[in-house]
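Please keep the sequence and the structure in view while going through the numbered points.

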Amino acid sequence: MPKTRTDLLQGTLDLLILRALEHEPSHGFGVSVKIRRFSGEVLQVEQGSLYPALYRLEAEGWIRSEWGVSENNRKAKFYDLTPAGRRQLRVETESWDRLSSAINLVLRHA
Amino acid sequence: MAAEMRHHLDLLAEELVAQGLSPAEAAARARREFGPVDRIREDCREERGFLWLSQLGQDLAYAGRTMARAPGFTIAAVLTLAFGIGVNTGIVSLADQILLRQLPVRDPGGLILLHWGAKADFPVPVGGSWENDPVLRQWTCTSFSRSAFAKFRARDGVLDGLLAFSPVPGLTLVSGGHAETIPLGQLISGDGFSVLGIRPAAGRAIEASDDRPEAAPVAMISYAYWMRRFAGDPAVVGQTILVNRLPLTVIGVAPRNFAGTLQVGDNPDLYFPLALAATLSPRGSDEKENPDKVWWLQIMARLKPGATGRQAEASLEPILEQCARDSLAAVGAASPPGGAGLPRLIVGPGGQGLSEIRHQYAREWEILVGLGGTVLAIACANLANLLLARGVARRREIGVRLAMGAGRGRIARQLFTESSLLAALGGALAIPFALWIEVTLVAMQPKLEGHALALDPHLDGRILLVAMLLSMVTGLVFGSVPALRASRVNINAEFQGGTGARGGVSHSALVRTILVGQVALSLVLLVGAGLFARTLRNLHGVDVGFDRGNLLLFELDPNPAGSDFELAAATNRRMAERLRSLPGVESVTFSKIPLLANQGWNTRLRAVGGSRGAQGKSAAMLNAVGADFFGTYRIPIIRGRGLEERDEGRPSPVAVINQAMAAAYFGEDDPVGRTFEVEDLNDHPTLVEVVGVARDARYSAVRSVSPATIYLPFSASRSMRTAAATFAVRSAGNPTLMSSVVVGAGREVDPLIPMSNLRTEETQIDDLSANERIFAWLSGLFGVLALGLVGIGLYGLLAYSVQRRTGEIGLRMALGACPEAVVAMILRESLLLVAIGLGFGLMGAWVSARAVASLLYGLSATDPAVFLGGAGLLLFIALLAAWLPARRAARIDPIAALRTE
């Protein structure tokens with residue numbers, strides 16, 4: 001995947017993942033399903049982006065992982081937000097709000 | 001991670017099945033949708049930050065495979081490195097032991113050693129060694145009187161404890177009915193071991209309570225002796241041994257690495273409290289009556305924290321002055337009114353013990369380290385050349401990798417890894433080389449007791465690391481040159497048959513520079529080898545004034561210090577008689593000082609009734625000899641007669657003097673029948689009558705001219721209190737074959753008197769030039785190796801050059817050049833390189849030769865024959881290396897060459 005597109009979307013992807021994990025822990029597949037559903041089937045996250053992002057977030061210390069048993073009794077790696085991650089989610093949400101409002105203003109301005 | 005992905009895949013497949021696909025189709029679709037698992041995993045790993053580790057693993061594996069595919073290169077490179085690193089490590093490890101090693105005591109940096117120097121003559125008897133201090137321009141000494149020690153101790157102040165010590169040579173130890181000679185022991189003051197701060201390996205250390213006249217006599221033994229003689233048996237503590245017929249209790253064993261505080265290489269086997277000095281040491285019994293009379297004790301002290309040597313000097317200086325005056329009074333000499341001419345105290349670092357010999361050896365070891373450094377430079381140069389050549393050969397491979405998408409950084413990193421692996425392998429293999437050179441150097445050291453440095457061949461890890469680091473840096477630098485150039489490689493050109501007429505110009509320049517450097521270094525080594533080899537030959541050919549062949553020598557101490565001299569001397573005579581009766585023995589004699597053994601005994605002289613000569617100006621060497629001395633050593637008597645039995649025990653001694661003495665003191669006149677006064681024979685000046693003149697013979701060194709020598713009858717040495725002598729047995733045949741017979745006969749005379757230090761005169765003289773031999777051998781070995789490397793390197797360069805220039809040569813020949821011209825062209829190339837190298841090399845050799853000039857003998861440091869010989873050898877190698885490539889160049893078929901272009 002060319003680096004440039006990822007760069008633009010990288011920050012947004014992080015935000016989405018953090019949001020997806022906000023209320024309950026989930027494994028990789030679950031996160032991609034959640035994002036798809038919440039976005040009304042618009043945003044389909046590629047595995048090639050999802051997993052590196054998960055590992056990066058873990059390296060940053062915003063999520064943590066744990067092996068557990070999934071709904072169908074399968075071994076799966078579950079991710080969960082850390083306190084730092086919750087703070088980061090708040091920060092990024094605010095920043096996204098600011099950014100998107102500003103873009104909207106520019107687009108709607110006559 | 002794999003499990004995680006699998007789980008995701010399964011769920012994806014389930015979802016698709018739920019949408020109506022068959023399981024097989026679902027699985028396939030899922031996998032397609034998921035994407036390239038491996039790349040995703042790699043991206044994840046990258047995010048996680050451990051990517052570099054797995055890449056390193058890949059690099060190492062690849063490096064290993066490529067090296068295995070080019071065994072010639074790998075072996076050459078690894079061996080070169082191993083030799084360079086190993087030799088250096090070995091030499092520097094040994095040099096460190098001699099030059100830098102501190103005493104294995106608590107805080108050696110806090111110890112100081114006391115010296116004194118005097119501008120004028122100090123007429124008190126002084127034992128111990130003198131050293132010429134170039135900074136202060138005077139002779140300094142480390143010996144003090146017993147009362148000086150007591151007074152220093154009493155003065156509190158900047159010192160946290162003092163210790164006094166002295167070596168005591170030539171002891172006879174009897175233990176378990178078996179007698180042996182202990183070459184060296186050490187006297188030490190009572191609390192000396194606690195001032196040093198060491199813990200015994202067994203038993204207890206000598207304490208202050210042992211150092212009293214009424215205390216029971218005790219001794220400590222060294223760890224090495226404990227292992228050698230008692231096999232580490234702890235039961236030795238508490239045993240009684242007889243030393244010089246004095247019963248002593250062994251109270252403990254010194255720690256393992258501790259070898260006394262004496263000169264480097266002097267390792268005492270026994271330690272005694274100072275109180276036993278009178279019984280064990282001739283000096284000790286000298287000063288028994290008056291502790292001011294003899295200066296013989298070495299003194300070290302520990303500074304209080306924060307105190308400096310200067311402060312100690314200032315604090316103790318007045319005490320020393322007073323002690324000097326007391327001593328002058330004790331010997332009946334005048335005391336100068338001012339302070340002028342009195343000994344001045346000098347404080348030096350004591351962390352290494354006594355240091356006179358170390359300073360003497362420093363020179364030699366610096367040269368050895370220099371040799372080692374040269375070898376390392378040559379090894380690195382060779383490695384560089386090998387890597388460069390290899391880099392050129394791999395351009396195609398690198399071109400392919402670039403075409404397949406590898407980043408330049410990745411390729412560079414991989415080449416770095418290869419170089420590092422090479423350096424690491426070389427370093428590992430260097431260890432046996434290092435040990436080999438250490439063992440060889442130690443084996444080449446002088447062998448005789450008292451001369452040999454007890455060196456421990458072991459490796460200093462730090463030095464190995466530094467040498468490895470150095471070669472790793474070389475490997476990195478020269479491994480990266482092809483990498484840097486490779487990353488700029490024009491892929492197209494490589495694939496189209498990479499040897500264009502202009503290919504690799506700058507590479508060649510680098511290789512040539514390195515070769516020039518190698519030539520220069522080789523010349524330095526060859527010149528060194530030549531100079532030392534000729535020095536050795538010159539030394540061997542010196543006429544020493546006596547017949548050095550077929551002489552067997554040994555030491556005998558018939559009666560330890562303090563006992564009756566006459567009885568002991570009689571034992572010497574009895575021994576000589578017994579030995580004379582042996583078959584195969586031509587003659588036997590004994591003398592106080594063996595010839596050419598680095599020992600000496602000198603005295604000042606006076607004209608009869610005249611004034612005292614200044615120190616060093618009117619002086620002569622002494623020797624006290626037994627019957628048949630001149631006959632056994634074959635020193636011709638030129639005038640008068642030799643010494644005979646009837647000359648022993650005369651109240652006014654007679655002497656035979658040598659030609660140098662005769663010329664210096666009696667000029668043209670016949671000295672026979674004349675008299676002169678000797679100052680330092682007894683307590684008072686002694687009148688000596690000349691009965692004969694002997695031909696000049698060397699005294700203690702082969703190099704220096706025969707000094708003025710006075711040969712006295714053996715009884716004249718009675719002032720030394722010991723009748724210890726060196727016997728010389730002239731045999732009809734090979735002297736070494738006689739040794740067991742001689743020893744057997746000696747045992748018959750008296751089994752309790754051991755004969756020690758059996759050797760031949762030839763071996764003893766050879767030992768004097770051990771250093772020159774080491775240098776000659778080492779520089780010769782390295783020089784030959786360097787020569788070989790230069791030859792191979794030159795050959796490689798020329799072969800490559802010919803191959804590269806095939807087209808050009810073909811063109812020339814097609815245009816009419818004859819083969820001879822082509823050959824001449826190649827030869828010119830080779831000779832030009834070597835000539836430039838010789839230019840630098842001659843400069844370098846000239847500088848280094850001047851640096852070692854003091855070690856040479858019989859030739860100047862800029863001896864033209866040696867320089868020309870070295871240069872000639874290198875030119876010969878240049879021609880030899882050029883021969884094959886030149887021949888190949890001459891045989892080039894112009895048509896074929898032009899076709900490949």
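1. A crossing of two helices is called left-handed if the near helix is turned anticlockwise from the far one by less than a right angle, and right-handed if clockwise. The crossing of H5(B) and H14(B) is right-handed. Helices (H or I, at least four residues) and strands (E, at least two) are DSSP runs, numbered from the N terminus.

2. The model is predicted: local features need pLDDT of at least 70, side-chain atom pairs count only at pLDDT 80 or more, and totals for chains, interfaces and linings use all residues. Residues are numbered from 1 along each chain as its sequence is written, while chains are lettered from A and ligands numbered from 1 in the order in which they are written.

3. How do the two helices of the opening point pack? Helix H5 (residues 71-100) and helix H14 (residues 408-444) of chain B meet at an angle of about 45°, and their axes are 6 Å apart. Axes are lines fitted to C-alpha atoms, for helices over the stretch in contact, and angles run from 0 to 180 degrees between N-to-C directions. H5(B) and H14(B) are therefore oblique to each other, as angles under 35 degrees count as roughly parallel, over 145 as roughly antiparallel, 65 to 115 as roughly perpendicular and the rest as oblique.

4. Chain B contains 27 helices and 24 strands. Of its 901 residues, 42% count as buried (20 or more other C-beta atoms within 10 Å of a residue's own; exposed means 12 or fewer, partly exposed in between, with C-beta atoms placed from the backbone).

5. The largest nonpolar core has 90 residues, and B:Leu81, B:Leu383 and B:Ala786 are among those with the most contacts inside it. Such a core is a set of buried Ala, Val, Leu, Ile, Met, Phe, Trp, Tyr and Cys residues joined through C-beta atoms within 7 Å. Helix H12 (residues 356-393) of chain B gives the most to this core, namely 16 residues. A second, separate core of 73 residues includes B:Leu113 and B:Leu320.

6. Is B:Ala340 buried or exposed? B:Ala340 counts as exposed because it has 9 C-beta neighbours inside 10 Å. This residue lies in the loop between helix H11 (309-330) and strand S13 (344-349) of chain B. B:Ala340 and B:Lys119 are 221 residues apart in sequence, yet 8.0 Å apart in space, C-alpha to C-alpha.

7. Finally, 13 residues of chain B are in contact with 15 residues of chain A (contact: C-beta atoms, placed from the backbone, within 7 Å). Helix H1 (2-18) and helix H3 (37-48) of chain B each supply at least two residues of the side that touches chain A.

Notes. Two residues are in contact if their C-beta atoms, placed from the backbone, lie within 7 Å.
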